[in-house]
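Open your viewer and get ready to click along.

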Amino acid sequence: ARTGRLEGETHAGKTYTISTGAGPIVPVMSESGSVTVDMGCPILEGPVVPTTLAPTMDGEQVVNAPISVAGQDWEVTCVSMGNPHAIVFVDDVDALDLAGVGPQFETAPEFPAKINTEFVQVMSPTHLKMKVWERGAGPTLACGTGACALTVAAILAGKTSERTCTVSLPGGDLVIEWREENNRIYMTGPADYVFEGEYKL
């Protein structure tokens with residue numbers, strides 16, 4: 001989940017409005033070369049995520065809900081960032097059989113639109129390590145909405161009380177902040193030069 005920048009535009013505060021299938025996003029560049037993106041507000045109501053799992057908290061939130069997948073009992077917290085996520089906290093994410101359990105979470109009947117599943121190890125109150133199985137794609141190096149969703153889930157599930165966390169993904173680190181004053185999530189990460197091209201307007 002890395003955001004591109006235009007050649008030569010490196011000064012702090014520079015913004016672009018980028019239209020996406022999920023609506024416009026406005027990345028803000030910093031002098032260090034990192035980019036912060038307002039990812040919007042999380043959707044926490046289970047039926048909207050969607051999941052058929054019974055709510056475990058007020059507001060129809062599904063937090064630490066029991067589920068059986070791949071012959072094992074798990075607890076999941078469900079969050080949507082415009083796409084559905086199931087977050088599972090584990091003791092050792094590197095020991096997880098992602099290829100074995102990921103597809104079975106994706107197609108579990110409790111997730112009628114299928115599901116992106118983040119498996120998360122809490123390294124410290126401000127450091128979360130994850131691996132993701134994305135619906136329709138399988139394991140990927142990064143998932144920006146997943147990093148946002150799992151940070152929200154960690155707070156809701158009582159895994160941390162910190163609202164700013166570093167999330168380590170296979171492809172690198174992102175800093176995720178869930179601001180209490182406006183309920184919005186901000187994602188900060190590096191922007192690297194990967195290609196150039198021309199587009200006729």
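The stops below go from the overall fold to single side chains.

**Before you start.** This is a predicted model, in which local features need pLDDT of at least 70 and side-chain atom pairs count only at pLDDT 80 or more, while totals for chains, interfaces and linings use all residues. Residues are numbered from 1 along each chain as its sequence is written, and side-chain values use heavy atoms, with hydrogens and water left out.

**Stop 1: the whole chain.** Switch to a cartoon view. Of the 201 residues, 42% count as buried, where buried means under 20% relative accessible area, exposed over 50% and partly exposed in between (1.4 Å probe, protein chains only).

**Stop 2: the largest core.** Select Ile87 and Ile176. These residues have the most contacts inside the largest nonpolar core, which has 28 residues. A nonpolar core is a set of buried Ala, Val, Leu, Ile, Met, Phe, Trp, Tyr and Cys residues joined through side-chain atoms within 4.5 Å. Which element gives the most to this core? Colour H2, and you have it: this helix gives eight residues. Now show what surrounds Ile176: leaving out residues up to four places away in sequence, its contacts (heavy atoms within 4.5 Å) include Ala147, Cys148, Met187 and Tyr186. In soluble globular proteins, nonpolar side chains tend to be buried together.

**Stop 3: a cluster of rings.** Next, select Trp74, Phe105 and Phe119, which ring pairs link into a cluster. The structure holds three aromatic pairs. Rings of Phe, Tyr and Trp (its six-membered ring) pair if their centres lie within 6.5 Å; planes under 30 degrees apart count as stacked, over 60 as edge-to-face and the rest as tilted. Trp74 and Phe105 are edge-to-face, 5.5 Å centre to centre with 75 degrees between the planes. Trp74 lies in strand S6 and Phe105 in helix H1 (residues 98–106), so this pair ties together parts that are 31 residues apart in sequence. Phe105 and Phe119 have ring centres 5.5 Å apart and planes at 80 degrees, so that pair is edge-to-face. Here Phe119 sits in strand S8 (residues 116–124), 14 residues from Phe105. Is Phe119 buried or exposed? It counts as buried, at 0% relative accessibility.

**Stop 4: along strand S6.** Move to Thr77, in strand S6 (residues 72–80). Thr77 is buried, with a relative accessible area of 0%. A polar atom of its side chain lies 3.0 Å from the backbone nitrogen of Asn64. Among the residues that Thr77 touches are Val62, His85, Ile87 and Ala157.

**Stop 5: charges over rings.** Finally, select Arg163 with Trp178: the charged end of Arg163 sits over the Trp178 ring, 4.4 Å from its centre. (This needs NZ of Lys or CZ of Arg within 6 Å of the ring centre and within 35 degrees of the ring normal.) Then try Arg179, whose charged end sits over the ring of Tyr186, 3.7 Å from its centre.

Technical notes
Helix = DSSP H or I, 4+ residues; strand = E, 2+ residues; numbered from the N terminus. Polar contact = N/O pair within 3.5 Å; in protein donor to acceptor, adjacent residues only side chain to side chain.
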